[in-house]
Amino acid sequence: MLVEIVVCVFLVIGALFGLVGSFGLLKLQDTMQRLHAPTKATTLGIGGVLIASMLYFLLIKDSFSFHELMITLFLFLTAPISANFLAQTHISLRMKQSDLPESGGAYGWSLFDDPPVMEKPSEPAAPTQAPH
Amino acid sequence: MLRKLVPHPFLAVSLACVWLALVNKITLGNIILGGFLGLVIALITAPYWPGKPRVRDPFKVVGFVFLVMWDIVVANVQIALIILFKPTDKLKSAWITVPLELTSPEAITVLAGTITMTPGTVSATLSSCGRAILVHALHTDDPIAVRDDIKSRYEKRLLEIFS
C-alpha cells in the first residue's frame with residue numbers, strides 16, 4: 001500500500017513536470033527561450049516516471065531492470081546535444097553576428113568565423129611504389 | 001600491439017556494461033558478446049577519439065555527477081516556476097559569453113552539456129578558436145553573476161578532474 005502511494009507520487013510528479021515542459025513550448029516567445037523548456041522541465045518529468053517504474057518493478061514485481069538507468073543515461077547524453085544543434089541552426093539561419101555578444105577573444109563565434117589556421121605537421125613523403 | 005588493438009580500454013568496458021544492461025540478463029554468452037562488441041566498436045570508432053582524456057581523480061567525478069544531478073532537479077523546479085508564473089514580457093533573456101580555461105575537447109563537451117542541463121542556461125556555440133562558449137540564459141537579472149557561477153561551480157571542478 002505504502003509502496004503504491006510512493007510510486008503514484010513519483011508518477012504524478014513526473015507527469016506534472018512533463019506537462020509544464022510542454023506548456024512552456026507553447027507559452028515562451030522565441031526559439032531560444034523555448035529551448036529551455038524541453039531541456040529541463042522534461043528531464044525531471046521523464047525522471048519521475050522512470051523512478052516510479054523502477055520502484056514498481058523492484059518492490060511489487062520483485063524484478064530489477066537496468067533499462068530505466070539506460071534510458072536516463074541516453075537522455076542525459078542526447079538532450080544537450082539536440083538542444084545544441086537546434087541552437088546552432090537557429091543562430092545560423094535567423095540571427096546575424098551583430099545580434100550576439102563579442103566572443104572576447106581574437107576569433108568570433110564558430111558559426112560565423114573560420115577557425116585559426118593550424119600549423120600542419122610536415123607530411124611524410126608519399127610512399128613510392130616499389131619497383132617489381 | 002595491445003595499445004593498437006584496444007585503443008580505449010575504458011570505452012570498451014563501458015560499452016560492454018551498456019550492452020549487458022540493455023539485454024538485462026547477465027549470462028556468460030552475453031558477457032562474451034558484450035566484450036566483443038566493446039572491443040570492436042572501440043576499435044572502429046578510434047579515429048574519432050584521437051586524444052585520450054586523462055581523468056586525474058575518479059572520486060571528483062562522482063562528486064561532480066552528484067552535484068550536477070542535484071542542480072538538474074533545482075533547474076527543473078526553477079524553470080517550471082518561471083514557465084508557470086512569470087509573464088513572458090517580464091522575462092529577461094540574455095546572451096552570455098563565458099571565456100574558457102578548459103582546453104581538452106572532452107572537458108569542453110562535458111561543460112557544454114552541464115550548462116544545458118542546469119539552471120536557466122543553454123550552451124549555444126563555441127568561438128572558432130575554442131576559447132569561449134556562448135550561453136543563452138532564459139531569465140537573469142545579472143549576466144555577469146551567471147558567468148561567474150558557471151566558471152566557479154562547474155569549470156573549476158572540471159579543471160581539477162581533467163588534467
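## The strand pair β1 and β3 of chain B

Six bridges join β1(B) to strand β3 (residues 132-137) of chain B, and the two run antiparallel. Strands here are DSSP runs of E, at least two residues long, and helices are runs of H or I, at least four long, both numbered from the N terminus. Two strands count as paired if DSSP finds at least two bridges between them. B:Trp95 has B:His136 as its bridge partner in β3(B). B:Pro99 stands opposite B:Ala132 in β3(B).

This is a predicted model: local features need pLDDT of at least 70, side-chain atom pairs count only at pLDDT 80 or more, and totals for chains, interfaces and linings use all residues. Residues are numbered from 1 along each chain as its sequence is written, while chains are lettered from A and ligands numbered from 1 in the order in which they are written.

## The sheet of chain B

The sheet is open and has three strands, in the order β1-β3-β2 (chain B), with antiparallel pairing. β1 (94-99) and β2 (121-126) of chain B stand at the edges; each has a single partner strand, so one side of each lacks a neighbour in the sheet. Neighbouring strands are turned by 30 degrees against each other on average, direction ignored. Helix α6 (residues 143-161) of chain B packs on the sheet and touches β1, β2 and β3 of chain B. The direction of α6 makes about 40 degrees with that of β1(B). Axes are lines fitted to C-alpha atoms, for helices over the stretch in contact, and angles run from 0 to 180 degrees between N-to-C directions.

β2(B) and β3(B) pair in the antiparallel sense over five bridges. They form a hairpin with five residues between them. In the turn, B:Gly130 has a positive phi of about 75 degrees. B:Leu126 has B:Ile133 as its bridge partner in β3(B), and B:Ser123 stands opposite B:Val135 in β3(B).

## Burial and the nonpolar core

A residue is buried if 20 or more other C-beta atoms lie within 10 Å of its own, exposed if 12 or fewer do, and partly exposed in between; C-beta atoms are placed from the backbone. By that rule β3(B) is mostly covered, with six of its six residues buried. In a regular strand the side chains alternate between the two faces of the sheet. B:Ala132, B:Leu134 and B:His136 point one way from β3(B), and B:Ile133, B:Val135 and B:Ala137 point the other way. Six of the six residues of β2(B) are buried too, so β2(B) is largely enclosed by the rest of the structure.

A nonpolar core is a set of buried Ala, Val, Leu, Ile, Met, Phe, Trp, Tyr and Cys residues joined through C-beta atoms within 7 Å. The largest core has 41 residues. A:Ala41, B:Ile79, B:Ile133 and B:Val135 touch the most other members. Helix α5 (residues 105-117) of chain B gives the largest share, six residues. Two residues are in contact if their C-beta atoms, placed from the backbone, lie within 7 Å. Leaving aside neighbours within four places in sequence, the contacts of B:Val135 include B:Ile96, B:Val98 and B:Ile115.

## Chain A and the interface

Chain A has three helices and zero strands. Of its 132 residues, 23% count as buried. Among contacts in chain A between residues at least 6 apart in sequence, 58% join residues at least 24 apart. A:Ile71 lies in helix α3 of chain A. A:Ile71 is partly exposed, with 15 other C-beta atoms within 10 Å. A:Ile71 and A:Leu58 are 13 residues apart in sequence and 17 Å apart in space, C-alpha to C-alpha.

46 residues of chain A are in contact with 35 residues of chain B. On the chain A side, α1 (2-27), α2 (31-60) and α3 (67-94) each give two or more residues. α3(A) gives the most, with eleven residues. By class, this side has 26 nonpolar, 15 polar and five charged residues. Ala, Val, Leu, Ile, Met, Phe, Trp, Tyr, Cys and Pro count as nonpolar, Asp, Glu, Lys and Arg as charged, and the others, Gly among them, as polar.

## Domains of chain B

Chain B is divided into domain 1 (2-48) and domain 2 (58-161). These bounds come from an automatic or database domain assignment. Taken over C-alpha atoms, 32 Å separate the centres of domain 1 and domain 2 of chain B.
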